Amino acid sequence: MDGDDAVDPGTDDVTDPAAVEGRFLVTHADDDSAVLKDVETGQVHTLAGNPGVEERDAIEATVAPEPPMEVTWRVLEVRERRSLRVEASDEPPTAQERDLAAEGDVGDLTRRERAGDGEIHVLTVPPEGVEAAVEDVLDDEATLARAARLGVARVEVRSATAGDHGVVSVRYMP
């Protein structure tokens with residue numbers, strides 16, 4: 001979903017000197033409020049209302065403190081919004097991903113740019129640790145924050161055992 005869809009923060013002054021522009025992960029959302037995490041700084045912004053976002057959304061927006069006490073925030077402008085998906089795939093890691101894992105030691109993480117947008121992260125893990133590593137990636141808020149920071153909408157996790165090591169590839173894709 002892009003910035004032209006459901007989110008309408010209103011007509012607040014986007015020139016507020018305390019305003020913060022950034023990419024945010026929505027870590028919590030209900031009818032009355034939402035919590036945004038700045039994916040660059042880690043700063044958390046609790047919103048005084050919900051401007052139409054859902055948990056696991058990534059937004060590029062401008063937020064500002066809500067007067068008079070300035071303990072909560074409000075969204076001044078949303079430039080882009082997308083829902084993030086993180087899913088395990090039945091597909092095995094590619095030959096390139098398996099080769100990257102084989103070149104590394106257990107515990108290594110190798111990053112590569114994808115052809116097009118996004119990145120590929122390859123984790124070399126013990127063979128008996130593949131399933132647990134996949135679950136950790138799927139459940140980790142940092143996976144969502146990284147997807148938001150990279151500007152992608154989908155994270156695909158592939159895994160396999162190859163000889164004396166396991167391979168977990170995390171594909172950040174548009």
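**Entry 1: the sheet.** I began with strand E10 (165-173), where Val167 is the bridge partner of Ala160. The model is predicted: I read local features only at pLDDT of at least 70 and side-chain atom pairs only at pLDDT 80 or more, while totals for chains, interfaces and linings use all residues. Residues are numbered from 1 along each chain as its sequence is written, and side-chain values rest on heavy atoms, with hydrogens and water left out. I take helices (H or I, at least four residues) and strands (E, at least two) as DSSP runs numbered from the N terminus, and I call two strands paired if DSSP finds at least two bridges between them.

I then traced the sheet and found five strands in the order E6-E9-E10-E8-E7, forming an open sheet with mixed pairing. Its edge strands are E6 and E7 (109-113), each of which pairs on one side only. Neighbouring strands are turned by 20 degrees against each other on average, direction ignored. For such angles, axes are lines fitted to C-alpha atoms, for helices over the stretch in contact, and the values run from 0 to 180 degrees between N-to-C directions.

**Entry 2: strand pairs.** I looked up E6 and E9, which run parallel and are joined by four bridges. In this pair Arg85 stands opposite Arg154 of E9. E9 and E10 pair in the antiparallel sense over nine bridges, and Ala162 stands opposite His165 of E10. The hairpin of E9 and E10 has two residues between the strands, and Gly163 there takes a positive phi near 70 degrees.

**Entry 3: helix H2.** I listed the buried residues of H2 (residues 130-139) as Val130, Ala133, Val134 and Val137. They fall within an arc of 100 degrees seen down the axis of H2, so they line one face of the helix; the arc is that of the directions from the helix axis to the C-beta atoms. Glu131, Asp136 and Asp139 are exposed on the other side of H2. Buried means under 20% relative accessible area, exposed over 50%, and partly exposed in between (1.4 Å probe, protein chains only). The cover over the buried residues of H2 includes E6 (85-88), E8 (119-125), H3, E9 (154-162) and E10.

**Entry 4: helix H3.** I found H3 lying across E6, E8, E9 and E10, at about 45 degrees to E10; contact means heavy atoms within 4.5 Å. Thr143, Leu144, Ala145, Ala147 and Ala148 are the buried residues of H3 (residues 141-150). Just after H3, Gly151 has a positive phi of about 80 degrees.

**Entry 5: backbone exceptions.** Most residues other than glycine have a negative phi, and most peptide bonds are trans. I noted a cis peptide bond between Pro67 and Pro68, with omega about 5 degrees. Pro68 belongs to the loop between E4 (57-65) and E5 (73-83). Glu70 is also placed in the loop between E4 and E5, and its phi is positive, near 60 degrees. Glu70 has a relative accessible area of 48% and is partly exposed. I found a positive phi near 80 degrees at Arg56, in the loop between E3 (44-47) and E4. Arg56 counts as partly exposed, at 32% relative accessibility.
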